[in-house]
Amino acid sequence: MSGLRRRSLLAAGGTAATAGLLGTGPVQAQALPRTAGAATGAGAAARRPGPYDDKVRALLARMTLEEKLGQLQQLPWTYNTGPGGPGTKEVEQAARQGRLGSVLNIFGARTTNALQKIAVEESRLGVPLLFGLDVIHGFWTTFPIPLAQAAGFDPRVAARDAEVSAKEARSNGVHWTFAPMMDVTHEPRWGRIAEGNGEDPYLTAAFAAAKVRAYQGADLSAADRIAACAKHFVAYGGAEGGRDYNTVDVSEARLRNLYLPPFRAAVDAGVATVMASFNTIGGVPAHANPRTLTDILKQEWSFDGMVVSDWNGVQELIPHGVAQDGAQAARLALRAGVDMEMTSTTMVTYGKRLVREGKISEQRVDDAVSRILRLKFALGLFARPYVDEGREIGAPTPEARAAARSAAARSMVLLKNEKGVLPVGRSVGAIAVVGPFGDSGDLLGTWVLPPAAQRFPAVTVLDAVRKAVPGGTVRYERGVAAEGDDISGIPAAVAAARSAGMTFVVVGEPAALSGEAAARSDIGLPGAQEKLIEAIARTGRPFAVVLVNGRPLTVGGWLDRAPAVLEAWHPGIEAGNAIADVLFGRVNPGGKLPVSFPRAVGQIPIHYNHENTGRPYDPDDKFTSKYLDLPDGPQFPFGHGLSYTTFRTGPPALSRDRIPVDALRRGGTVEVAATVTNTGPRPGDEVVQLYVHDRAAALAQPVRRLRGFRRVTLAPGGSRTVRFRLGAEDLGFFTHDPHGEFLLEPGAIDIYVGDSSAAEGRCTLSVT
Ligand code: NOJ
């Protein structure tokens, strides 16, 4: 989709909301000048003047070098002790001395105000602190995990999460969230897949931009907005073997076509901050990488916001093996373009010495400080450093819960539904709920504030099913635990299923098995859960499997025996209610997979947007690309998802068959239209998806690339013609050129439109 415009919230002092929704890159070949910015502090040189420049300059002129270095420091608070907890004397002392710019893991109006008071009233210059927190899929109101949200194929789902989160967080004194995470990945073993939007850069870019805009709004100083953070920059999702923090080695073309586009979209949407990632690229840790942080992000993309390190990421340059000591780590990180150091303290400790020895220019320090101060001004912290304690939000509101429930239901994907087993009618008779997650609150997902998990656990499936059939018989048997091999509870679960008209088997992963540092080598259902499904299948009674998980799972042999499978992910605070909404048909599921589901771990990486080989898969030819012991392709492809109704998508039609390269370069577009019809008995949602494939290009291209999607709601018999516009950015690609050349070539482009990445409806555009 075309429509790229760039606007920076901090530079323009406002309206990031007007930036193009889905733009992800420059539209024509361009050789951007490289500068030696990293070492000289020229990161800010190309900036357009901004609204806070005079104030920042005036303040900077009054600061000592120690105070400047203090602004670069972020220290953790002990939020685990809860709001009003003791905090640490060290943090308070640093705030008092003006040796602290920011604090993370802190919230609560009273707690943040008390600490802020020390910075504002007791430090020499009274520079307010910036409070950051991981508000990833909710503050009090836990929304479904980001991977689930992506399955909604509707960026408004993510925007709603961000709006609710921003309001709750800001009222609790939080100014800044470390979200959205936008690490595209082809690695389902990687636990952090739960925090991103899956395997596609275009879908991720759309979600990243929507979430940034919704967190930040048009005015960062508003009482219901917070600064966003695009993370982790960059290619963190490429971790070898899916092991967290692991090495990445990636070509320039893959970096630019796969990993960078969501970050570019976030920058274009005005994201205030960017976080460096833990991985290396080609041996260079992201925290010490001037090419990615300064040349690409700050120079080429003119990002004038602030780069924060990840937790201890600067200090970790030592174990990475590129820095000998803390002083060298600080030097490498500052020169690369890190502006604020999270947790470790190398910059504040060694910065003065490095400047004195000429190893870091004071200009670079000033640039980093300016970026931080600009954000503090944009957030209105100098004018209003404190949050109104009387307006602190202490619990999810009914509206917030309703938004979380609708987001969760909208994110669910019906993987399989034979003979219309689902939805369940009220006349079904007795219902059995079995499985370790049937009566469990462990449905919130990976990133939840500990007090939120304690005070506002997820609604269980059992409670919601009981509510859905008032007066009905609902029996629960756990059967097996989420982990471990004890199968002694299976007979009771089987007995429950035998006496029920319908059984819901609720199985999956504990939330702790996904997220940071939660890689798995086996991504099947943990423990004896598959055995439980097999046992229920043997009863011959109707049943549906509900999966609650934070990553794609290998669904194994039980899939053939299960008549219906609903992928519910980790749905958040309203989990049970949203699952029941779908099981009983109050909501017709319309989500689609944002990531391929492999048949077996040995197939990984398996993703729809792979490149072709010279010997593409051919079942009749041994010497083609395949495994001897597995059928071709994933278990479920990217974009797959069923509904309680059926849809037909007609063939795509082009507004013109040919378009010259020059016309595309000048902003010309081609329209692709396809008509989708609800051919079944119920209203429902279909996601019409558009993919392109460049048949012959200078670099082998993905066999398909998503370049458009639209979720539409249709009444039975209803039709809608969905129109997509394709421009240069949809038809070209980045090459290996280090300056970011974007190539648009003449040739044939196949365009597929349909209901998944396996869509067959096709037309062909000639680029001349
Ligand atoms: C480490 C994680 O990688 C990052 O995503 C998070 O924001 C920080 N810790 C702060 O908690």
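Select α9 (201-216), α10 (252-259), β22 (705-714) and β24 (733-734): each supplies at least two residues of the lining of the second largest pocket. Helices (H or I, at least four residues) and strands (E, at least two) are DSSP runs numbered from the N terminus. A pocket is an open set of points on a 1 Å grid over the protein atoms alone, where a 1.4 Å probe fits, with protein on both sides within 12 Å along at least five of seven lines; lining residues have an atom within 4 Å of a point. The model is predicted, and local features need pLDDT of at least 70, side-chain atom pairs 80 or more, while totals for chains, interfaces and linings use all residues. Residues are numbered from 1 along each chain, and side-chain values use heavy atoms, without hydrogens and water.

Stay on α10, which gives the most to this lining, with 5 residues. Of the 31 lining residues, Ala253, Asn257, Leu258, Pro702 and Arg705 lie nearest the centre of the second largest pocket.

Next, select Ile606, His607, His610, Asp632 and Gly633, which lie nearest the centre of the largest pocket, among its 28 lining residues.

Finally, select helix α20 (residues 490-498), where Ile490, Ala493, Val494, Ala496 and Ala497 are buried (under 20% relative accessible area with a 1.4 Å probe, protein chains only; exposed is over 50%). These residues lie on the same side of α20 because they cover an arc of only 160° around the axis, taken from the directions from the helix axis to the C-beta atoms. Pro491 and Arg498 are exposed on the face turned away from the buried side. Show β12 (431-434), β13 (474-477), β14 (502-508) and α21 (529-538) as well: the buried residues of α20 pack against them, with contact meaning heavy atoms within 4.5 Å.
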